[in-house]
Amino acid sequence: MLIDSRLRTVYGGKSGSDSEQEQLAQQLLTSLGPEGIDDVLDGTCTLIYLYMKWLREAHEAHEKDVVEYVVPTLVTSLKMLPRSVPPEAVPTMAGLAIAAATGLSPTLWRKQYGDWTEAELTPLEATAFLLAEHINRMTDDQNFATRMITEALTQVEAGVE
């Protein structure tokens, strides 16, 4: 929902962050506690995995390498956000995207480097956002990435019942 909300803000022509939205997101994270925050981090990594899986399949259909075509654009975009994404977080986000592009769980890939730091949380969100926006641009559909995740969740829920 957070990524979808950020996409809608950008597509709506608004710049900067909405202080009310930031406050609500912070209240939500605070109310979740440590375990809930871990779940949010795992969920964000799952989004990145699903986005990269879709991008990999789309690129392979055209005999192109997703790492060659998506990761440099992602890195360039992250570097353009120095207030939100410190330079030292860019290699971690690139590694995370490459892991996902090669079919590795970003959560498991990250575990080898220890717990997430507070300085990496915004870059992680930015990575998920930028991948979703990239998918939306590729499909020329501002809701494609959100719809893709919604459909995946619906399929999972249908399989559980």
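Predicted model: local features only at pLDDT ≥ 70, side-chain atom pairs only at ≥ 80, totals over all residues.
**The H4 and H5 pair**
- Helix H4 covers residues 71-79 and helix H5 covers residues 90-101. Helices are DSSP runs (H or I, at least four residues), numbered from the N terminus.
- Their axes come within 10 Å and cross at roughly 155°. Axes are lines fitted to C-alpha atoms over the stretch in contact, and angles run from 0 to 180 degrees between N-to-C directions.
- From H4, the contact (heavy atoms within 4.5 Å) uses Val 71, Leu 74, Val 75, Leu 78 and Lys 79.
- From H5, Val 90, Met 93, Ala 94, Ala 97 and Ile 98 take part.

**Helix H7**
- H7 spans residues 118-139, a run of 22 residues.
- From first C-alpha to last, H7 reaches 33 Å, close to the expected 32 Å. The expected span is 1.5 Å times one less than the number of residues.
- Asp 140 follows H7 and has a positive phi, near 55°.

**His 134**
- His 134 lies in H7.
- His 134 counts as buried because its relative accessibility is 12% (buried means under 20% relative accessible area, with a 1.4 Å probe and protein chains only).
- Leaving out residues up to four places away in sequence, His 134 touches Leu 55, Val 70 and Thr 73.

Methods:
Residues numbered from 1 in each chain as written. Heavy atoms only, no water. Helix = DSSP H or I, 4+ residues; strand = E, 2+ residues; numbered from the N terminus. Buried < 20%, exposed > 50% of the residue type's maximum accessible area, 1.4 Å probe, protein only.
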